[in-house]
Structure formats: C-alpha cells, structure tokens
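Dear colleague,

I am pleased to hand over the structure below for your review. My notes on its contents follow directly after it.

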Amino acid sequence: MKQYNSILKYIFIVMASLFITGCVHDDKYDEPNLENFQCADLVKTMTLTELRAKYTNTVYTFPDNSTDVVEGYVSSTDETGNIYKTIYIQDKAVDPTQGFVISVDMVSSYTQYPQGSKVYIKLAGLSLGTYGGVVQLGVKDPTSTTSVLRIPEKSVPSKIFRSCTVREKIVPKIMTSAQMVSANDQYIGCLIQMDNAEFDSRVLCANYAPNGVTVDRVIRDNSTATTRVVRNSGYASFANQILPSGNGKFVGIYSKFNTTYQMYINKVTDLEMNNFPRLDGIASNPCEFSANGLTAKTIAEIKQMYTGGNWNQITGDFYVKAQVVANDETGNLYKYLYIEDATGGLRVNINKVDLYLDNRFRLGKDVYIKLKNLYVRNVSGEIQLGALFNSDTQFGQIEEVNIYKYFFDTNSPSRAVVPTERTISQLTAADVGRWIKIKDLQFIDGDLGKTYTDGSATSNRTLEDCSGNKVTLRTSGLADFGTSATPMKPGTTEIEGGKGDVYAILSAFNGTYQLWITRLANVDLDNPRCDGTVYTPLPVIYGDAFAAGGFSSDWTTVNVAGPQVWTTSNQGNGSNYYAVMTGVLNNVNEDWLISKSVSLVGKTKAVVNFTTDVRYSGNAIQVYATENYTGTPSTTTWVQLPATLDTNTAAFGDWVSSGNVDLSAFLGKNVRIAFKYTSTATAAATWEIDDFKIKAQ
C-alpha cells in the first residue's frame with residue numbers, strides 16, 4: 001500500500017507540474033521572495049575594470065587568502081530560461097562603464113540575485129578565463145590555461161553576496177549596431193537598448209526559437225547595414241511566441257562570441273517593436289492572416305491551375321489551408337515539404353534548410369498559404385508549388401526572404417497525420433503528394449542485404465506486394481534517421497527483410513511512382529515474407545571496428561614506398577577508433593592494410609562490408625581480395641572489388657558504406673581483404689576505414 005500511495009503521489013506531482021508549465025504563456029512572474037536569503041554589504045577593493053585587466057591571455061587565479069572584493073549590479077535575469085547558468089553584472093545601474101560575466105553552476109539565480117540587485121563578489125579562489133573570447137569569472141579548470149569552470153552551486157552563496165540595502169532599476173544603455181565593435185567590449189554583460197531595431201525579414205512570423213533548439217535571429221537598426229544576432233534558447237518560456245514584426249526598442253544583454261556580437265533577451269516584455277513602417281518598407285504587420293478579400297482554394301484546384309508550358313503564375317487573390325504531412329526533419333526531403341487537404345497533396349519548394357524548426361512547418365500543423373504571385377509547374381509528372389529565380393528564367397523555390405509573405409501560422413496545435421491507405425495497383429496521379437500507407441510490402445530479393453542507399457548518393461530500392469506489383473522507394477544518402485548523438489545514415493543502415501506496412505509520401509518521376517519516407521519507422525517490415533520465409537541477415541563471421549586503437553595480429557601493414565604507414569586514430573570520433581592512412585605532399589606512398597585469412601569453406605553466400613571517409617584530393621583507395629597471399633603484395637594475385645567509396649574530399653565525417661560487396665568467387669576458400677593506398681608528390685588524400693565485416697552463411 002505504501003508503494004501504491006507513492007505512485008499516486010508521483011503521478012499527482014507530474015500532472016500538477018504539467019498543468020503549471022502548460023499554462024505559462026508569457027514571461028510575467030511574481031517578484032522573488034528575498035526575506036530569508038543571505039545578504040551582506042561589503043566594501044569593494046577593486047572595480048570591474050580593474051578586474052578585467054587582471055586577465056592577460058592566460059587564466060588568472062586569485063589566492064585563497066585574497067581579500068579583494070568587486071561590486072556590481074545584476075543586469076540579467078534567468079527567470080524566463082533564456083539565460084542559463086550565467087549572471088551578468090555591470091558597474092553602475094545607470095550609464096555603466098564596464099560589464100562582466102559570472103559563470104555559475106546554478107539555475108534560477110534570479111530568486112537570489114534578481115535584476116537590479118547590488119552584489120559583492122569575494123574573489124578569493126576564483127579565476128578569470130575566457131569563453132568565446134569573452135573574459136568571465138569562474139573557478140580554475142585544471143585542464144586549461146585559458147578557460148574556467150562554473151562556480152559550483154554550493155560555493156555561490158559564499159562568493160556572491162546580495163546587498164541588504166540596495167536594489168536599483170537597471171536603465172538600459174543606448175547602443176546602436178554600429179557601436180557594437182571591439183572598442184566597446186567593456187559593455188559586454190551590460191543591459192543595452194537598441195532603438196529603431198527590427199528583426200530580419202527572413203525570420204518574420206517565426207517563433208523566437210524552436211522547442212529545445214537554440215537559434216540566432218538576425219536583427220538590425222538604422223545605424224549601419226551590418227546586422228547583429230539575438231540568441232534565443234528553445235527552452236525559454238517565450239520560445240514559442242512569435243517574434244515582434246515591427247520596428248522599435250530592443251532591450252537585452254550585450255554579449256559576444258568570438259567575432260560575432262550577440263544579445264540575449266531577459267524578458268520579451270522588455271521589447272517594444274510594434275511600429276510601422278519598418279526600415280525595409282513593410283508597412284503593416286505581415287504576420288496577421290486575414291481571409292478578407294481572398295478566395296479559398298483546395299489543393300486539387302491549385303494543381304488544376306497548371307495548364308501547360310514551363311509554369312503558370314497564380315494571379316488571383318487566393319489562399320489554401322492545408323496540413324503539413326511531411327517535412328525535412330531527417331533530411332530525406334531537402335528544401336521542400338508536403339501539404340495536404342481532403343482533395344490531395346502538394347509539394348511546396350522553399351529555399352531554406354531546417355524548415356521543420358519553424359513553427360509553421362512542424363509536422364501535423366495547419367498552415368495558411370497566400371497563393372498570389374506563386375507558380376505551379378509540372379516537374380517530371382508531379383505538380384509543384386514554388387517561385388521563379390535566376391531573373392525569372394527558372395522554376396524552383398520560394399526564397400527565404402519572402403516566406404513571411406506567403407505562409408501564416410493558424411495558431412492551432414498539430415494534428416495527427418492520417419495516411420491515405422492504398423495498394424500499389426490503386427495508385428493514381430491524384431495520390432501524388434499524399435501521405436499514404438501501403439500494407440504488406442517487402443523489398444525484392446535483389447535488394448536484400450543492401451543498405452538504404454549506396455553511400456551518400458540518392459538511391460532506389462524496390463518494394464513489392466505479394467502479387468508482384470512493384471514501387472520504388474527513393475532515399476537520400478544525406479539523410480540522417482538517427483540523432484545528433486547517434487547518427488543513422490541510410491548508407492550504413494541495412495534494409496529490413498520482412499514484410500509489413502510502409503508509410504510514405506507518394507511522388508512521381510516520368511511516369512514512375514516513388515515513395516519517400518521521413519523516418520525509418522515508416523518502414524515496418526517485421527512479418528514473414530510473402531512466401532512464408534523469415535529473412536535472416538547474413539551473420540558476421542569476422543569483424544573489426546578497430547575500437548581499442550592499434551592493429552591486432554589480424555592485420556598486416558605493408559609499407560612499399562614513402563615514410564607514412566597505416567595506423568589508427570580516434571580524432572573527431574570520440575572513443576571510437578578507425579584505420580587511417582595519409583600521405584604527405586612531395587612524397588610518393590604505397591601502403592597496404594591486409595586482413596587475416598577468413599574461411600569461406602562450406603559457405604553458400606558471402607560479402608564484405610566496411611565504411612570509408614576521405615579528405616583532400618588524391619588517388620582513390622583500392623580494395624582487393626585474394627585466396628593465396630604470398631606475404632608480398634607485388635607477387636600476390638589480387639582481385640579488385642567494386643566497393644562504394646566516399647567521394648567527398650572536402651570534409652571529414654561523412655562515412656560511406658561500401659555496400660555488401662560480393663565474395664562469391666571465394667566461396668569454399670580462404671579469403672583476405674586488402675586496402676591499397678597510393679599518393680603522389682602533388683596529391684595525397686587521407687583515407688579512413690571503419691566497421692569492417694565479412695558476412696557469410
């Protein structure tokens with residue numbers, strides 16, 4: 001019974017907290033109760049300017065017996081959650097001459113140090129360092145000579161004291177965008193006011209920040225063409241509110257990251273940006289949608305507006321209300337999304353990445369679209385909505401700067417996206433653009449064992465039903481179906497071998513229907529195949545991810561020419577090691593990495609699979625197999641294997657799967673796999689190899 005009551009109590013607390021947080025729609029809070037908080041009035045021995053001068057390119061630590069004290073006025077507040085584990089102070093409440101950053105490992109600091117509080121800081125044992133080029137006060141980091149750690153929460157009360165007698169109103173210092181230069185870095189940490197300010201038209205009608213994502217919103221004033229940045233947290237209480245669309249007064253904390261000047265909002269109630277016309281000529285609030293004078297159209301009617309030729313302009317005062325049924329969250333769709341109403345679905349082309357972060361384009365949201373001056377075109381059999389570019393000579397995407405003119409939030413919550421259920425044989429042109437569900441599909445036998453894409457290329461795989469009807473699944477190799485912490489690239493993800501349901505957008509290309517998924521969960525193939533068999537992926541009979549670093553006795557490295565040799569590294573890859581070979585210009589290299597002998601005796605099918613990453617121009621790595629290694633590469637008979645390799649020489653990190661490279665020629669034999677690296681005096685690429693597997697049954 002005690003456990004049961006605890007569970008009920010827990011549920012009640014969770015529900016209550018959800019109710020409380022769910023009801024917060026602004027940043028108006030009661031003043032914190034300071035009656036029981038420790039306070040003190042100390043005597044300063046040093047100014048903030050003198051404190052700043054203590055830092056000279058390396059960490060400065062005050063002795064533990066130091067009696068130095070600085071004082072300042074709290075210019076920030078973290079009550080809205082936009083400022084995190086930082087207290088900003090300035091030397092005077094009005095017309096300050098120096099601001100400062102204090103890094104603290106505590107949240108809700110406003111309850112003890114609300115904005116306007118006069119504070120005293122005992123400097124004994126504290127350290128000065130930098131983050132992003134800005135000097136801040138913290139505690140010594142034993143691993144760094146330039147940066148500091150946050151002051152531990154338990155230490156804050158013994159280091160930072162709120163005055164018992166003084167609390168002032170912080171009057172923002174007037175600054176223009178033109179004044180945000182290194183000569184005024186002493187004001188970093190101060191509360192400032194920018195007049196005649198307006199957010200860039202590219203972010204008009206967007207929210208302050210997407211849920212859980214910190215973003216930069218561009219802002220400008222009339223002092224210079226140079227723009228500045230307002231940095232907003234997706235965890236702020238005001239994140240989902242719409243940015244003010246007018247011109248006027250912006251108030252925030254002045255900051256900087258390296259060479260980028262940026263500001264942090266304390267509370268959106270500090271902003272008064274409702275004046276029109278704006279500097280860019282926008283005469284009235286562009287974010288308020290009204291259907292007055294407009295005629296509603298359906299998606300089917302929009303498609304009918306294409307009557308032939310290259311494209312057709314929409315000239316009527318029309319609008320459509322539709323639901324976003326697929327967006328670019330996983331990157332499988334790029335710079336476009338799909339909308340749908342009861343009459344059909346439609347691709348909308350927009351020249352902007354990460355559309356899903358905009359509240360208007362979240363999955364399941366209803367959006368209003370003003371259609372006048374947009375264009376429709378039949379693109380290889382699919383009617384699409386977009387705009388013209390390149391001096392109106394090409395059809396394509398609606399420019400980011402014009403998004404606010406056409407797309408409007410309905411301010412309604414997202415709805416579940418309901419698929420239209422079809423079979424392959426039922427598909428028609430009217431279904432193109434719809435989010436559909438097709439039951440009982442499986443990948444054809446020829447695709448079993450493959451990954452979703454061939455490396456980073458956009459690739460086709462074929463799905464079929466139990467009657468033999470087929471449809472193409474098209475996937476971008478640049479998509480990522482995982483998370484930032486655990487990426488899941490389609491080029492390294494093997495397709496499922498069972499039968500089940502597929503949810504996807506239906507598109508068309510020159511008479512061929514194609515499916516586009518938005519996440520791997522859209523392909524749910526867990527049942528036995530049409531013939532009743534259960535597909536089992538080829539088991540790995542030998543594998544090496546080089547996880548421990550260094551080569552085991554399973555590998556032989558042979559240096560034929562040049563001083564460089566195969567080695568392992570984990571640079572840029574955390575604790576995960578990989579094999580790497582890189583030459584040096586003016587050298588000529590030939591180096592081999594050769595696996596141990598693996599038996600394929602008694603096997604009826606075998607493949608080798610691995611991933612590669614390349615950087616810098618140079619010869620492509622070559623992959624070979626042999627059944628009889630002599631101990632010397634030059635006297636061994638090798639068979640070159642047609643593996644898919646990374647081709648992006650401009651960057652590290654885009655690992656590409658080789659695909660399952662067939663080893664049928666070596667069934668019943670012992671096989672070794674070799675990687676041959678070559679470079680010239682004028683071209684030396686870096687090649688990395690990981691996740692090596694030989695699979696067989």
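A polar contact is taken here as a pair of N or O atoms within 3.5 Å; within protein, one must be able to donate a hydrogen and the other to accept it, and residues adjacent in sequence count only if both atoms are side-chain atoms. Please note that this is a predicted model, in which local features need pLDDT of at least 70 and side-chain atom pairs count only at pLDDT 80 or more, while totals for chains, interfaces and linings use all residues. Residues are numbered from 1 along each chain as its sequence is written, and side-chain values use heavy atoms, with hydrogens and water left out.

I begin with Glu688, to which the definition above applies. Glu688 is found in strand S48, residues 686-696 (strands, E, of at least two residues, and helices, H or I, of at least four, are DSSP runs numbered from the N terminus). The side chains of Glu688 and Tyr578 are joined by a polar contact of 3.5 Å. Glu688 is buried yet has no salt bridge; here buried means under 20% relative accessible area, exposed over 50%, and partly exposed in between, with a 1.4 Å probe and protein chains only. A salt bridge requires a side-chain nitrogen of Lys or Arg within 4 Å of a carboxyl oxygen of Asp or Glu. For Glu688, the nearest side chain of opposite charge is Arg615, 8.9 Å away (Lys and Arg count as positive and Asp and Glu as negative; His and the chain ends are not counted). Not counting residues up to four places away in sequence, Glu688 touches several residues, among them Tyr578, Phe652 and Trp655, where contact means heavy atoms within 4.5 Å.

Salt bridges do occur elsewhere: the structure holds 23. One of them joins Lys118 to Glu71, with the closest N and O atoms 3.6 Å apart. This pair links distant parts of the chain, as Lys118 is in strand S5 (residues 117-122) and Glu71 in strand S2 (residues 69-74), 47 residues apart. Both Lys118 and Glu71 are buried.

A salt bridge also connects the side chains of Lys173 and Asp95, at 3.7 Å from N to O. Lys173 lies in strand S11 (residues 173-174) and Asp95 in the loop between strand S3 (86-90) and strand S4 (99-105), so this pair ties together parts that are 78 residues apart in sequence. Lys173 is buried, at 17% relative accessible area, whereas Asp95 is partly exposed, at 48%.

In the salt bridge of Arg422 with Asp431, the closest N and O atoms are 3.0 Å apart. Salt bridges that share partners join Glu340, Arg422, Asp431 and Arg434 into one network. Arg422 is partly exposed, with a relative accessible area of 25%, and Asp431 is buried, with 2%.

I turn next to the disulfides, of which the structure holds three (a disulfide is a pair of cysteine sulfur atoms within 2.5 Å). Cys39 and Cys164 form one of these, their sulfur atoms 2.0 Å apart. Cys39 is in the loop between helix H1 (2-22) and helix H2 (48-53) and Cys164 in strand S10, 125 residues apart. Their link is right-handed, with 105 degrees about the S-S bond. Cys205 is joined to Cys287 by a disulfide with an S to S distance of 2.2 Å; this link is left-handed, at -90 degrees. Cys466 and Cys530 form a disulfide with sulfur atoms 2.0 Å apart, and their link is left-handed, at -85 degrees. With bonded cysteines counted along the chain, the pattern is 1-2, 3-4, 5-6.

Finally, there is the nonpolar interior. A nonpolar core is a set of buried Ala, Val, Leu, Ile, Met, Phe, Trp, Tyr and Cys residues joined through side-chain atoms within 4.5 Å. The largest has 35 residues, and those with the most contacts inside it include Met180, Phe250 and Met263. Strands S12 (191-199), S15 (247-257) and S16 (260-264) are the elements that give two or more residues to this core, and the largest share, five residues, comes from S12. Apart from it lies another core, of 33 residues, among them Ile621, Leu645, Phe666 and Ile673.

With kind regards
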